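Here is a short tour of a ligand site and of some backbone angles. Please have the viewer open as you read.

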Amino acid sequence: MRLGIIGAMVEEITPLLEKFGEHKKIQVGGNTYYEITKGVHKIFIAYSKIGKVHAALTVSTMILHFQCEKIIFSGVAGGLNADLKVGDLLLAEKLCQHDVDITAFGHPLGFIPESKVYIEADKNLNALAKQVAKAQGIDLQQGIIASGDAFIADSEKKQWIISNFKADAVEMEGASVAVVCDLLQVPFCVLRSISDSADGSADVSFDEFLESSAKRSAEFVLKMCESLLEA
Ligand code: ADE
């Protein structure tokens, strides 16, 4: 199998690279792709840089250039649901773009003609994630992730995203990965560990917990890889 693993920031992929060890480095479109060989399998790891456009380029490159057959996104997110605390792990059931607005033409918020507001993650990858969580005794929550090209650090904006999208967490890449994978028919899942609560103290919390929460998500993805690449 050819598996692609993406983070947005270097902190989100460093724990994976440390674990996998030896790799080949390939540059495409301003990003470094780390190619790892594990028996008959190839794993491609990259950080995209922050935001939906960068993530869309990286996932497209993973699929169209490196022929990845499955995509896992790993990283941190801001918690919207009060049940989500720093360090908690969230698996996206579906993802949406909170910054898409063509309501001026009568469309619902988050909707683009010929697309849809919510894109569902792959059922099999999500089932595997749940299975791994159960086997390891890890508490894995599930919910809706809203993505947009803004770091949310404001309670009013946070409430707006909750009211309009019923989202449990917010980040800046997941939905663009979802759109690309959905259109190219490549199974994907998005895992995030909470770094902040998307409120007035989000910037301070993010700086404090980026590394530890990114590691938490990456370590979970490594466990998924063990199952995925067993053969
Ligand atoms: N990623 C982590 N925290 C975030 C936040 N508050 N807003 C957007 N993306 C994030």
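Around the ligand, β5 (70-79), β9 and β10 (188-196) each contribute at least two residues to the shell, and β5 gives the largest share, with three residues. Strands here are DSSP runs of E with at least two residues, helices are runs of H or I with at least four, and both are numbered from the N terminus. This is a predicted model, in which local features need pLDDT of at least 70 and side-chain atom pairs pLDDT 80 or more, while totals for chains, interfaces and linings use all residues. Residues are numbered from 1 along each chain as its sequence is written, and side-chain values use heavy atoms, without hydrogens and water.

The shell holds 13 residues, and G78, F151, I152, E171 and D196 come nearest to the ligand; being near requires a heavy atom within 4 Å.

| Residue | Polar atom | Distance |
|---|---|---|
| G78 | backbone | 3.2 Å |
| D196 | side chain | 2.6 Å |

Taken alone, the ligand exposes 260 Å², of which the protein buries 96%; these areas come from the Shrake-Rupley method with a 1.4 Å probe.

Now for the backbone. Most residues other than glycine have a negative phi. K49, in the loop between β4 (41-47) and α2 (52-65), has a positive phi near 85 degrees. K166, in the loop between α4 (155-165) and β9 (169-171), also has a positive phi, about 50 degrees.

Note on methods. A polar contact is a pair of N or O atoms within 3.5 Å; within protein, one must be able to donate a hydrogen and the other to accept it, and residues adjacent in sequence count only if both atoms are side-chain atoms.
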